[in-house]
Amino acid sequence: INIKNKTGHKLPTAYPSRRAWLHTTVQDLNGNILFESGALNSDGSIAGNDNDINSKKFEPHYLEITSEDQVQIYEPIIFDYKKEVTTSLLSGATYAKDNRLLPKGFDKATAENAVSVHGTAEKDENFQAEGDIVLYKIKLPEGVNSVHVSAKLMYQTIGYRWAQNLKSYDNQEADRFIRYFEDNTEISAVVLAEAVRK
């Protein structure tokens, strides 16, 4: 899957609760799902995303996806001074991962640390200015020779983990925000781009 960033900045940009990801589905000619990576769950989490499942983990940047529990998520993940994952900006010390899609002209080899690429995307030759190429290697059932492939680039302004971590604050503002997130999970994500191949 070849993704092109046509914005003049990283995608997603600004506040680090934002994330974009690939929702990829492979179906046989009868519509049976043979493979699915990056589905949005009813609670606003992403199926297979390590960070949505466990606040201390995160989904790495993938050069190649071979199983449904691997999801290509474009996002910044922050470490605190103990090198533990955090969503608290006041506790943030460095990036564990920053593989947000790069704009045209961005040179990841010479970028300053504050805006550079962090994590396994640094070494990904397919992750460059203007986009990313993600390889999917999927074993099809015997006898299946033709498939339909759907790829959607999804986007959320508030990721599931960011909303869940607010529960520890136990105050009216946090409670109100969590209720808002939980009451609107069906509209928490939008499709930025989509391609279907038969």
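The model is predicted, so local features need pLDDT of at least 70 and side-chain atom pairs count only at pLDDT 80 or more, while totals for chains, interfaces and linings use all residues. Residues are numbered from 1 along each chain as its sequence is written, and side-chain values use heavy atoms, with hydrogens and water left out.

**The sheet**
- Strand β6 (residues 76–80) is joined to β8 by five bridges, and Ile-77 sits opposite Lys-97 in β8.

**The largest pocket**
- A pocket is an open set of points on a 1 Å grid over the protein atoms alone where a 1.4 Å probe fits, with protein on both sides within 12 Å along at least five of seven lines; lining residues have an atom within 4 Å of a point.
- This pocket has a volume of about 320 Å³, the space filled by probe spheres set on the points, which are joined across faces, edges and corners.
- Its lining has 16 residues, with Tyr-15, Thr-87, Trp-162, Leu-166 and Tyr-169 nearest the centre.

**The second largest pocket**
- Here the volume is about 270 Å³.
- Of 13 lining residues, Ile-1, Asn-2, Ile-3, Ala-151 and Ala-195 are closest to the centre.
- β1 (2–4), β12 (147–156) and β13 (189–197) each give at least two residues to this lining.

Technical notes
Two strands pair if DSSP finds at least two bridges between them. Helices (H or I, at least four residues) and strands (E, at least two) are DSSP runs, numbered from the N terminus.
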